[in-house]
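Have a look at the chain shown here. This report starts with one residue and then widens out.

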Amino acid sequence: NISDFIEEYELDGVDINWQAINSEDESDNLQQLLEALYDELKEQGKFLTMTAPSGEDEKDANKISTDNIQYVDFINVLAFDSTNNDSLHSSVQDAQDALSYWTERCVVKNKLVLGVPFYSRGSAVQSYDYLIRDDISYACVDESERRDYNGIPTIIEKTNYALINAGGMMMRSLQQDSYKRDNDDTDLSEYSLLNVINETVLGND
């Protein structure tokens, strides 16, 4: 039972990541699950969130009923692995298009959480941490050796956009960020994308 699990481990809530809806029955089942969790978690003062696609494939995203939105506190928008208007993996334009898709479906901005990638696509799927350990200059660009990703300038631009057009940000995923490892002489924590997001938000307060 999800509610019991949250209570036992003293979690803040749960995210429902039901990405593939292949039938009307599945859509109905998702709504029933969200409705039941909403009633229980609201009594506990816990969060209920839902993961949703970017809307690049509208046919896929449209399978999520607008009726579901009333039950969740936030929608985590998977604005990565997309190439809407360019060849880049999760460009600024892709992020803007993802948020626009959901606001055009009458979702209020402060319910939307913009997802950003901490990994590359293209010739290889590699973590941001791996990329910049290869060459620190890669932290300031979005492409290197036919790999494309989000460097620091793009993360800053997305954060500033989300401050106006969304309720927050999430990432895939923290272990792919740069940080100081145990017994590691190289401390790359100053290039951490999570720190970049945080400092950008604090700079706008």
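Alanine 124 sits in the loop between strand 5 (121–122) and helix 5 (128–134). Helices (H or I, at least four residues) and strands (E, at least two) are DSSP runs, numbered from the N terminus. Alanine 124 has 21% relative accessibility, so it counts as partly exposed. Leucine 174 is 50 residues from alanine 124 along the chain, and their C-alpha atoms are separated by 19 Å.

The model is predicted: local features need pLDDT of at least 70, side-chain atom pairs count only at pLDDT 80 or more, and totals for chains, interfaces and linings use all residues. Residues are numbered from 1 along each chain as its sequence is written, and side-chain values use heavy atoms, with hydrogens and water left out.

**The whole chain**

The protein chain holds seven helices and eight strands. Its C-alpha trace spans about 50 × 40 × 35 Å along the principal axes. For 205 residues, a compact globule would have a radius of gyration near 17 Å; the protein chain has 18 Å, which agrees. That radius is taken over C-alpha atoms, and the globule rule is 2.2 Å times the number of residues to the power 0.38.

How much of the protein chain is buried? Buried residues make up 43% of the 205 residues. The protein chain exposes about 11,000 Å², and carbon and sulfur atoms supply 44% of that area. Such areas come from the Shrake-Rupley method with a 1.4 Å probe; for residues, only the protein chains shown count as cover.

| Side chain | Partner side chain | Distance |
|---|---|---|
| Serine 3 | Glutamine 44 | 2.5 Å |
| Asparagine 150 | Lysine 158 | 2.7 Å |
| Tryptophan 18 | Glutamate 26 | 3.5 Å |

Serine 3 is in helix 1 (residues 2–8). With a relative accessible area of 3%, serine 3 is buried. Leaving out residues up to four places away in sequence, serine 3 touches Glu40 and Gln44.

Tryptophan 18 lies in the loop between strand 1 (13–16) and helix 2 (24–44). Is tryptophan 18 buried or partly exposed? Its relative accessible area is 25%, so tryptophan 18 is partly exposed. Beyond four places in sequence, tryptophan 18 touches Glu26, Asn29, Leu30 and Leu33. Leucine 30 is twelve residues from tryptophan 18 in sequence, and 7.7 Å away in space, C-alpha to C-alpha.

Asparagine 150 belongs to the loop between strand 7 (147–148) and helix 6 (152–165). It counts as buried because its relative accessibility is 2%. A polar atom of the asparagine 150 side chain lies 3.0 Å from the backbone oxygen of serine 90. Setting aside neighbours within four places in sequence, asparagine 150 has contacts that include His89, Ser90, Tyr128, Asp142 and Lys158.

Terms used: Buried means under 20% relative accessible area, exposed over 50%, partly exposed in between (1.4 Å probe, protein chains only). A polar contact is a pair of N or O atoms within 3.5 Å; within protein, one must be able to donate a hydrogen and the other to accept it, and residues adjacent in sequence count only if both atoms are side-chain atoms. Contact means heavy atoms within 4.5 Å.
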